[in-house]
Number of protein chains: 2
Amino acid sequence: MDAAALPTRYCVELPAWVLEEVAEVPEVLPSYEDRMALVNRLASRNHKEGNGGPFAAIVVESDSGRVVSVGVNNVLGSGISSAHAEVVALALAQTAVGGWDLGAAGGPARELVVNWRPCVQCYGASMWSGITRLVVAGDGPELEELTTFDEGPMVQDWAAQFEARGIEVVQDVLREQALEVYREYRDSIAAQDVIVYNARGTSTGGA
Amino acid sequence: MDAAALPTRYCVELPAWVLEEVAEVPEVLPSYEDRMALVNRLASRNHKEGNGGPFAAIVVESDSGRVVSVGVNNVLGSGISSAHAEVVALALAQTAVGGWDLGAAGGPARELVVNWRPCVQCYGASMWSGITRLVVAGDGPELEELTTFDEGPMVQDWAAQFEARGIEVVQDVLREQALEVYREYRDSIAAQDVIVYNARGTSTGGA
């Protein structure tokens with residue numbers, strides 16, 4: 001095999017507007033609501049920028065409220081299908097921290113804050129990352145109904161499975177604000193402004 | 001927030017020995033067994049190199065048998081918890097192809113070949129990648145029993161869920177050879193030569 005022809009490296013990079021957006025946000029976000037408000041804001045801008053779906057996530061030091069990393073869904077921007085907001089935020093946090101375990105002994109507890117229950121890929125990605133808490137805006141069929149994204153086959157007791165592994169789940173933080181972002185996105189789909197990418201093929205626009 | 005202090009980019013790179021290893025392999029791998037033999041070979045070397053768990057994956061053009069990318073579990077090597085073999089192989093293939101959809105119209109059908117049923121993260125990652133076939137060495141509790149890796153909460157009908165999304169599943173290709181790699185790995189754990197990383201914490205060595 002011609003080894004020199006094989007791809008050997010992949011990279012995912014935040015779009016420049018993300019840094020613009022966070023520059024206006026305080027250094028420390030004390031409450032769950034403060035944290036989720038940033039996530040919803042990034043999610044809303046992300047789909048308008050054409051970078052990917054209306055999804056964002058941040059990794060935060062649970063006690064101090066310091067933001068370790070921010071991520072947005074970057075599938076369209078990077079051309080890499082795993083680059084969902086959670087995977088991006090977690091990998092960037094691990095890059096900053098210098099290791100794969102965000103809950104390593106001696107370091108602060110870290111949590112992932114995301115604007116809905118993760119899809120099946122990001123469910124696993126969150127589970128293996130070392131976070132000790134997952135904070136979500138909501139759970140339920142509204143995300144799939146509004147955005148038409150397939151979230152994949154999930155076990156019924158998904159939250160209990162996190163708790164059984166030492167990961168606390170906090171739900172329904174700024175739920176209505178998150179739904180508002182999905183409604184915006186739905187309206188963009190109807191106006192044929194965006195691409196919805198799912199397993200095996202792309203559906204563009206239309207209802 | 002000090003935007004300049006935020007991490008903005010993450011990269012995952014194959015270890016150099018992977019290219020050495022594939023240099024001896026034919027350009028085209030006609031049968032499932034040819035493909036899985038390469039995967040098992042990379043998986044075996046991966047854990048011995050200390051790069052990650054005993055897992056590898058390749059993306060192959062289904063009809064021609066041409067290898068598009070090879071991946072190994074690179075969690076320890078990269079410090080990024082999502083860098084499982086499947087995620088690495090898929091992202092490298094997408095980098096080579098120039099887009100997130102490995103099943104895009106006009107291109108060849110592509111398949112992911114991996115040395116066991118994917119964990120819950122990689123289950124989703126495979127589903128969203130555009131592959132049209134998943135080839136696995138096996139399914140069942142042996143992987144978790146032998147390696148002590150947690151594979152996460154999976155739905156019972158995981159294979160049917162792939163098929164429902166247009167992704168064919170081929171099982172039990174060189175199963176015994178894959179189990180032999182896991183047995184080697186188990187013996188390394190017993191000898192305290194390796195690190196097993198799971199949700200919320202690392203267990204090193206011992207039974």
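Analyst: Two strands are said to pair if DSSP finds at least two bridges between them, and that criterion is applied here to a predicted model.

User: How do you know that strand β4 (residues 110-114) of chain A and strand β5 (residues 133-136) of chain A pair, and in which sense do they run?

Analyst: Four bridges are found between β4(A) and β5(A); the criterion asks for at least two, so the two strands count as paired, and their sense is parallel. Within this pairing, A:Val114 stands opposite A:Val136 of β5(A). On its way from β4(A) to β5(A) the chain includes α5(A), and these three elements make a right-handed β-α-β unit.

User: What makes β5(A) and strand β6 (residues 168-170) of chain A a pair?

Analyst: Three bridges link β5(A) with β6(A) in the parallel sense; since at least two are required, β5(A) and β6(A) therefore pair as well. Here A:Val135 faces A:Val170 of β6(A).

User: Which strands of chain B are called edge strands, and why?

Analyst: The open sheet of chain B holds five strands in the order β3-β2-β4-β5-β6, with mixed pairing. The edge strands are β3(B) (67-72) and β6(B) (168-170), each of which pairs on one side only. From one strand to the next, the twist averages 15°. Strand β2 (residues 56-61) of chain B pairs with β3(B) in the antiparallel sense over five bridges, where B:Ala57 stands opposite B:Gly71 and B:Ala56 stands opposite B:Val72. Five residues lie between these two strands in their hairpin, in which B:Gly65 takes a positive phi near 80°.

User: What makes A:Asp172 buried, exposed or partly exposed?

Analyst: Around A:Asp172 there are 15 other C-beta atoms within 10 Å; a buried residue needs 20 or more and an exposed one 12 or fewer, so a value in between is called partly exposed. A:Asp172 is found in the loop between β6(A) and α8(A) (175-190), and its phi is near 65°, a positive value in a residue other than glycine.

User: What makes up the side of chain A that touches chain B?

Analyst: In this interface, 62 residues of chain A are in contact with 62 residues of chain B. The largest share of the chain A side, seven residues, comes from α4(A), and that side divides into 35 nonpolar, 20 polar and seven charged residues. Five bridges also join β1(A) to strand β1 (residues 9-13) of chain B, running antiparallel; with at least two required, these strands therefore pair across the chains. The bridge partner of A:Cys11 in β1(B) is B:Cys11.

Technical notes
Residues numbered from 1 in each chain as written. Chains lettered and ligands numbered in written order. Predicted model: local features only at pLDDT ≥ 70, side-chain atom pairs only at ≥ 80, totals over all residues. Contact = placed C-beta atoms within 7 Å. Nonpolar A, V, L, I, M, F, W, Y, C, P; charged D, E, K, R; others polar. Axes fitted to C-alpha atoms, helices over the stretch in contact; angles between N-to-C directions. Right-handed = clockwise from strand over helix to strand, strands pointing away.
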